[in-house]
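Colleague: Before we discuss this model, may I see the sequence and the structure together?

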Amino acid sequence: MNFKHKYFFLFPGLFVLIGILIFPIIFVVRLSLSGWNSYNPGLDFIGIENYIRLFTDDPRFWESFFRLSFLSVTTVILQYVIGFALAHMVWKDIKFKRFFRVLFLVPMMTTPVIMTVIWRTFFHESLGPVNDILSNFGLSPKWLTDPALAKFTVIIVEVWQWTPFMFLLLLAGLLSLPKEPFLAAAIDGASPVRKFIYVTFPLMAPISIGAIIIRLIEASKIMDTVYVLTSGGPGTSTETSSFYIFIKGLREFQMGYAASMSFTYLIIMIISLTIIAKVLTKLLLKE
Amino acid sequence: MNLIANNLTYKPSEEYHLNEVSFNFKEGNLYTILGRTLSGKTTLLKTIAGLLTPDSGAIEFDGKDFLKVPVWQRNVAMVYQQFINYPHLNVFENIAFPLRQRKIDNEEIKNKVMESLKSVGLVGYENRKIQELSGGQQQRVSLARSLVKNAKILLLDEPLVNLDYKLREQLREEFKSLFSKGLADETILIYSTTDPRETMELNGEVIVLDEGKVLQVGPAKEIFENPSSLKVAEISNDPPMNIIEAEISNEQIRFEGIEIKAPNHLSKLTDSGLKIGLRSSDIELNENGHEFEVELAEISGSETLLHLKRGTIKIIMSIEEVLNFKIHDKIKIDFKIDRAYAFAADGKLASSPFGGNNG
């Protein structure tokens with residue numbers, strides 16, 4: 001195939017790619033080398049000053065990054081375990097199978113922000129129903145204002161909201177498995193528990209890796225839940241990277257500095273997710 | 001240790017998959033279940049394995065109620081017509097799987113697996129992935145897996161049906177030598193097939209199954225010589241036995257303008273509506289014979305199958321050599337009438353050349 005206007009047909013796709021991906025990334029890099037802020041708008045050039053500030057003089061960014069790592073890894077592990085359990089349950093022939101399959105998807109179909117508002121009301125220290133019930137036992141935990149407990153609350157809401165997605169991916173995986181190995185395993189003397197450990201789980205490994213990586217990418221963007229539930233508080237105890245970048249860039253309008261944080265964050269995420277995917281593949285697929 | 005079934009019935013929908021099946025299998029014997037597709041062979045094997053629970057009836061093994069034992073404790077091995085293995089494990093681990101379900105140390109597992117690899121001729125393949133093997137090799141792996149655990153009951157569900165001709169021949173030979181070795185002493189071997197030839201070659205006790213019902217039980221030779229009914233004759237012959245409606249009187253068999261002197265075992269039959277059964281191999285070409293028209297000629301292997309027609313009757317004959325015939329050729333044939341069977345109007349065997357039900 002050698003005709004001159006082939007590039008013409010490439011153009012629409014290329015245009016979209018440049019418009020929504022390549023240009024923004026290059027622009028962020030250029031922006032991160034400028035001192036753009038509300039006093040000083042414009043693309044001046046200040047070298048790597050922003051990066052020096054980020055790496056030497058901003059512990060808050062790194063704290064928020066490690067907090068984010070903790071939150072996303074914890075929530076994804078919980079989502080995987082609960083999602084797998086639920087998917088495994090409705091994969092078998094049980095009564096009202098269809099009903100349960102739909103029921104487990106309901107959280108995913110709700111609007112995250114609105115559900116978080118409802119959760120916030122739920123966990124409200126003096127007016128919420130949770131503490132109303134717990135007060136009967138003489139308890140009134142500070143769900144949203146205790147630094148440690150607030151993280152826990154964020155995890156609960158995230159797990160509730162996104163487990164259905166994990167459930168959906170894993171159920172699709174289970175339903176696509178061949179039936180024969182299970183017949184063979186039963187006859188070969190594997191009890192139901194051993195069947196799960198030696199057949200179901202290894203066969204699900206490729207799908208599990210995919211689901212975990214997808215959820216990790218999603219979970220590390222966590223922003224709306226934190227914004228609505230605690231606004232990063234108390235103090236900065238639930239602040240995550242994206243929330244901190246949002247504050248610096250769109251509240252304090254330090255565009256240049258926020259861009260340098262975004263770009264650093266992007267590089268770290270690409271590297272760490274690649275490593276995680278490799279490690280998971282080695283662990284689960286034994287390759 | 002006997003495996004005894006009593007009136008097993010399984011009827012998931014309109015049709016019976018098993019209809020009051022009873023048997024008494026003794027250890028150290030080979031049993032062949034012969035039946036066409038959908039006759040209930042697989043259902044029966046699955047019921048024995050514990051993958052299916054019958055609607056009614058009982059299975060007893062070694063004096064215990066087998067239906068109360070869960071599948072994974074039954075100590076049964078099974079080879080399926082599809083090649084079923086574990087796609088995520090290599091050949092060695094596939095075969096080791098049943099052993100890993102018990103507390104057996106690694107050294108012993110290794111020895112047993114290697115021994116079993118040897119018996120199916122797959123030494124050197126232990127680290128291969130299952131997907132890298134051919135169909136025949138995959139089936140050997142599942143056979144090795146079923147042999148390795150020394151199960152008391154070994155079920156083989158049409159294990160050769162999905163293999164190509166050459167491999168089928170080869171594996172069938174291997175089966176025969178495997179079965180004749182020590183294995184057969186304490187194991188109940190149950191082998192299901194649609195192929196009468198396989199049944200005869202394996203030469204075990206045969207159970208003829210049709211629409212979930214047991215039609216006849218007996219040694220292969222007995223089934224071949226004295227099929228109890230038309231249906232059994234049909235199922236246990238490939239190509240199916242020719243059935244000709246005929247009239248017998250004055251020691252003469254008459255059909256379609258042909259008159260043949262009846263042999264001794266047929267001459268005294270007087271019932272009306274008799275059907276004469278004759279194997280395709282019991283018809284021969286003969287210059288002085290009766291004229292038939294060739295409808296179809298097919299060559300299979302070293303055999304020629306001729307579909308013949310005369311008036312309203314159609315028959316199939318097989319010739320042990322490759323010959324060329326054209327459609328609508330007229331040929332002359334003769335019947336080896338002393339090897340003919342007679343079936344009564346209700347389908348029951350009336351008389352056979354081997355003395356069954358002789359009238």
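Modeller: One definition comes first: a residue is buried if 20 or more other C-beta atoms lie within 10 Å of its own, exposed if 12 or fewer, and partly exposed in between, with C-beta atoms placed from the backbone. Helices (H or I, at least four residues) and strands (E, at least two) are DSSP runs, numbered from the N terminus. This is a predicted model, in which local features need pLDDT of at least 70, side-chain atom pairs count only at pLDDT 80 or more, and totals for chains, interfaces and linings use all residues. Residues are numbered from 1 along each chain as its sequence is written, while chains are lettered from A and ligands numbered from 1 in the order in which they are written.

Colleague: Which residues of helix 13 of chain A are buried?

Modeller: Helix 13 of chain A covers residues 255-285 and reaches 44 Å from its first C-alpha to its last, close to the 45 Å expected at 1.5 Å a residue; the expected span is 1.5 Å times one less than the number of residues. Its buried residues pack against helix 1 (6-32), helix 2 (49-57), helix 3 (59-91) and helix 12 (241-251) of chain A. They are Met255(A), Gly256(A), Tyr257(A), Ala258(A), Ala259(A), Ser260(A), Met261(A) and Ser262(A).

Colleague: What is the radius of gyration of chain A?

Modeller: Chain A comes to 13 helices and zero strands, and its C-alpha trace spans about 75 × 70 × 30 Å along its principal axes. The globule rule is 2.2 Å times the number of residues to the power 0.38, and the radius of gyration is taken over C-alpha atoms. For 287 residues the rule gives 19 Å; chain A is well over this, so it is more spread out than a compact globule, with a radius of gyration of 24 Å.

Colleague: Which helix gives the most to the side of chain A that touches chain B?

Modeller: Two residues are in contact if their C-beta atoms, placed from the backbone, lie within 7 Å. By that criterion 14 residues of chain A are in contact with 17 residues of chain B. The elements that give two or more residues to this side of chain A are helix 9 (180-187) and helix 10 (192-219). The one that gives the most, with six residues, is helix 9 of chain A.

Colleague: Is Lys46(B) buried or exposed?

Modeller: Lys46(B) is placed in helix 1 (residues 41-49) of chain B. Leaving aside neighbours within four places in sequence, Lys46(B) is in contact with Leu51(B) and Leu52(B). Because 22 other C-beta atoms lie within 10 Å, Lys46(B) is buried.

Colleague: Which residue of chain A is in contact with Val76(B)?

Modeller: Val76(B) is among the residues with the most contacts inside the largest nonpolar core, which has 91 residues; such a core is a set of buried Ala, Val, Leu, Ile, Met, Phe, Trp, Tyr and Cys residues joined through C-beta atoms within 7 Å. Leaving aside neighbours within four places in sequence, Val76(B) is in contact with residues of chain B including Ile48(B) and Leu155(B), and, from chain A, with Ile187(A).
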